[in-house]
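Take a look at the structure below.

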Protein chains: 2
Amino acid sequence: MRKSGVAVVVALLLGAVAGAAFAQAKPEQLVKQRQAVMTLQGKYFGPLAAMAQGKAPYNADIVRRNAAFLDNLSRMPWDAFDPSSKDVKGSNALPAVWEQQDKFKEAASRLENEMHKLYEVSRSGDENAVKTQIGAVGKACGGCHENFRQKQ
Amino acid sequence: MRKSGVAVVVALLLGAVAGAAFAQAKPEQLVKQRQAVMTLQGKYFGPLAAMAQGKAPYNADIVRRNAAFLDNLSRMPWDAFDPSSKDVKGSNALPAVWEQQDKFKEAASRLENEMHKLYEVSRSGDENAVKTQIGAVGKACGGCHENFRQKQ
């Protein structure tokens, strides 16, 4: 089949970035990707935690924006916990991630679910419900950090 | 005002993460945050670029998921390009980011818009339209990388 003009243009534009997508991501890259998610979860959850504690003024617009970002981010880390990455230096993941996979997946699902509930409740405009749900998300973060991450 | 029981529990849970949210983020943290976004944009755009080039089989489910993630990610980098971060080592951002702010903002908006169009067209199920739009996103990536990032 002959390549269309569009396909050729796209090929020129996308050659470099597509290259990386053929091969299985390298272990170091997987660690970089999952740590990137944690960095951004911190960026967008930190202000919500401060609001829930009354240490920052409540801002419903920021809550809505951050909750939508977090709902997406909470689904991004998990496929980067590939067994090939378990001995990478600089990772804080404990062997329990791979030795207790069912428990890890359960903790991961809990975070996704609580983040999604936060997204939903952020649409309702009920400040108290939002603050309670921010607490539930914080607990779900802890559910992984306590059992599957080296103590900081 | 007396703290409610919920507020106290939340305070215990969220103390650490909220602390970071009071202070203005440090310049090094801003660079880390925006580089985290680039890492994840690469993770989710790479497979789409490969599909658009016919180098990976077209998978509408992956396109839909990645396009939704990318629609969110494309709105995350910009506030981390604070002037305080322009001299941080390890950043590839050129001084043009701050010297030509209007052009930088225009390029940023173009990426957001093209990513959002990709999200919308990914819902339509029209494979050719999706591939064309992946090309448009690639161009918008290049719009920033050519003028505002050190040559790699």
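**Helices and their contacts**

Just after helix α5 of chain B, B:G125 takes a positive phi of about 80°. The model here is predicted.

Helix α5 of chain B covers residues 101–124, 24 residues in total. From first C-alpha to last, α5(B) reaches 35 Å. That is close to the 34 Å expected at 1.5 Å a residue.

Which residues of α5(B) are buried? They are B:F104, B:A107, B:A108, B:L111, B:E114, B:M115, B:L118, B:V121 and B:S122. These buried residues pack against four helices of chain B: α2, α3 (60–73), α4 (96–99) and α6.

Three of those partners also form pairs among themselves, with α2(B) in both pairs. Two packed helices are described by the angle between their axes and the distance between the axes.

Start with α2 and α6. Helix α2 of chain B spans residues 27–52, and helix α6 of chain B spans residues 127–148. Their axes come within 9 Å and cross at roughly 125°. The crossing of α2(B) past α6(B) is left-handed. On the α2(B) side, the contact is made by B:F45, B:L48, B:A49, B:M51 and B:A52. On the α6(B) side, B:K131, B:I134, B:V137 and B:G138 take part. By class, this contact has seven nonpolar residues, one polar and one charged.

Now turn to α2 and α3. α2(B) and α3(B) pack at an angle of about 145°, with their axes 10 Å apart. Here too α2(B) passes its partner, α3(B), in a left-handed crossing. From α2(B) come B:V37, B:L40, B:Q41, B:Y44, B:F45, B:P47, B:L48 and B:M51. They meet B:I62, B:V63, B:R65, B:N66, B:F69, B:L70 and B:L73 of α3(B). By class, the contact of α2(B) with α3(B) has 12 nonpolar, two polar and one charged residues.

Finally, consider chain A as a whole. How many helices and strands are there in chain A? There are six helices and zero strands. From the N terminus on, its elements run α-α-α-α-α-α. Chain A has 152 residues, of which 42% count as buried. Among contacts in chain A with a separation of 6 or more, 73% join residues 24 or more positions apart.

Terms used. Residues numbered from 1 in each chain as written. Chains lettered and ligands numbered in written order. Predicted model: local features only at pLDDT ≥ 70, side-chain atom pairs only at ≥ 80, totals over all residues. Heavy atoms only, no water. Axes fitted to C-alpha atoms, helices over the stretch in contact; angles between N-to-C directions. Helix = DSSP H or I, 4+ residues; strand = E, 2+ residues; numbered from the N terminus. Left-handed = near helix turned anticlockwise from the far one by under 90°. Contact = heavy atoms within 4.5 Å. Nonpolar A, V, L, I, M, F, W, Y, C, P; charged D, E, K, R; others polar. Expected span 1.5 Å × (residues − 1). Buried < 20%, exposed > 50% of the residue type's maximum accessible area, 1.4 Å probe, protein only.
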